[in-house]
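Hello,

Here is the structure I promised to pass on. My notes on what turned up in it follow below, and I hope they are handy when you open it.

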Amino acid sequence: MAQHDHDQHHPGHHHDHGATDTEIDWAEMASLLESEAELFTPLYERALGWLAKEVTEPGLIVDAGSGPGVVSCLFAEVFEGARIVAVDGSAPLLERAADRAARHGAGDRFGTLAGELPGVLDELDYPADLLWASRSVHHLGDQRAALAAYAARLAPGGTLAVLEGGLPTRYLPRDIGIGRPGLQSRVDAVEADWFTRMRTELPGSVAHTEDWPALLTSAGLHHSRSRTFLLDLPGPATERVRTHVVTTLARTRGRLAGELDAEDRATIDRLLDPADEASLHHRSDVFFLTAHTVHTAVRPV
């Protein structure tokens, strides 16, 4: 199933409107967010390696929408002299981030800041040399205004790096031998409709063309660049990959069941059933393939 951005990473933003089918309980998802970020570590390491060539010796790195801090701690490894501040709307997730930093020996240069993005960034003591926002901007109603707020928190010459977009995840062949071929593509379409509703229901939601380089430019930044990073974990899947795929598909089934037709629901139920030899628990053709895009731009000196 395509794992769209909205369900993969915590944005450090809580919806203030009434409960809907697009409401996300980020604290409840803590373990899933952490295990997924760990699975994606090879992709993040390549992205951060690229950023290390773009940004030299940053003093302060801000991870806006850090969740449990897996990527925040990777920044601490890649940029050994930098101070890292993880920013999120969930105090329990920030506790996980701080604990992780301590375990990785970076606790002395690791801080946390709890509050709603982007406004909470006004509480930073210093402007950021590098501000990273991974799949979090699309959880803010006015994405253009959010990017402008992020840009305002950069030091002159500082870089804003936004991870948004890429390609839907694939983990099964088109024809899996049960149900109609093309299951993942059909779920992609349903996920896209869910994402549109989620965006529409956000407080202050504004529709913008999701041309991220253009949005960064409109925030007063320049020298925009984009690069896409691949995560390719070929089959046969490891238990870690298999567990992640099962967990994610189960969440998708629960969230979108009413929008899938009966045949596709039955196919997904078989894929999730440990007693079924055609399930994800036993198949030899499970793999994991996805791509994420990072867009960067620089505040003028």
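This is a predicted model: local features need pLDDT of at least 70, side-chain atom pairs count only at pLDDT 80 or more; totals for chains, interfaces and linings use all residues.

Leaving out residues up to four places away in sequence, L260 touches V187, V190, R265 and I268, where contact means heavy atoms within 4.5 Å. L260 sits in the loop between α8 and α9, and it is buried at a relative accessible area of 5%.

Residues are numbered from 1 along each chain as its sequence is written, and side-chain values use heavy atoms, with hydrogens and water left out.

Now the helix pairs. Helices (H or I, at least four residues) and strands (E, at least two) are DSSP runs, numbered from the N terminus. Axes are lines fitted to C-alpha atoms, for helices over the stretch in contact, and angles run from 0 to 180 degrees between N-to-C directions. Angles under 35 degrees count as roughly parallel, over 145 as roughly antiparallel, 65 to 115 as roughly perpendicular and the rest as oblique. A crossing is left-handed if the near helix is turned anticlockwise from the far one by less than a right angle, and right-handed if clockwise.

Helix α6 (residues 183-201) and helix α9 (residues 262-272) cross at roughly 115°, and their axes come within 11 Å. That makes α6 roughly perpendicular to α9. The crossing of α6 past α9 is left-handed. On the α6 side L183, R186 and V187 take part, and they meet D264, T267, I268 and L271 of α9. By class, the residues of this contact are 4 nonpolar, 1 polar and 2 charged. (Ala, Val, Leu, Ile, Met, Phe, Trp, Tyr, Cys and Pro count as nonpolar, Asp, Glu, Lys and Arg as charged, and the others, Gly among them, as polar.)

L271 also belongs to the largest nonpolar core. Which of the 56 residues in that core touch the most other members? They are Y44, F75, W132, L271, L280 and V294. (A nonpolar core is a set of buried Ala, Val, Leu, Ile, Met, Phe, Trp, Tyr and Cys residues joined through side-chain atoms within 4.5 Å.) Beyond its neighbours within four places in sequence, L271 is in contact with residues including L172, I176, I178, L249 and L280. Another core, of 28 residues, lies apart from it, with L60, V120, L216 and L221 among its members.

Y44 and F75 turn up again where helix α2 (residues 41-54) packs on α3, at an angle of about 45° and with the axes 10 Å apart. That makes α2 oblique to α3, and the crossing is right-handed. T41, Y44, E45, L48, L51 and A52 of α2 meet V70, V71, L74, F75 and V78 of α3. This contact divides into 9 nonpolar residues, 1 polar and 1 charged. Helix α3 (residues 70-78) has 7 of its 9 residues buried, so it is largely enclosed by the rest of the structure.

Helix α1 is mostly covered too, with 7 of its 10 residues buried. The cover over those buried residues includes α2, α3, α4, β6 (222-233), α8 (239-256) and β7 (288-298). α1 (residues 30-39) packs against α4 (residues 91-103) at about 40°, with axes 11 Å apart. A30, S31, L33, E34 and E38 of α1 make the contact with L93, R96 and R100 of α4. Its residues are 3 nonpolar, 1 polar and 4 charged.

Last, some backbone points for you to look at. Most residues other than glycine have a negative phi, and most peptide bonds are trans.

- L117 and P118 are joined by a cis peptide bond, with omega about 0°.
- The bond from G235 to P236 is cis as well, with omega near 0°.
- R135 has a positive phi, near 50°, and is buried at 0% relative accessibility.
- H223, in strand β6, has a positive phi near 55° and is exposed, at 60%.

Best wishes

How values were computed:
Buried means under 20% relative accessible area, exposed over 50%, partly exposed in between (1.4 Å probe, protein chains only).
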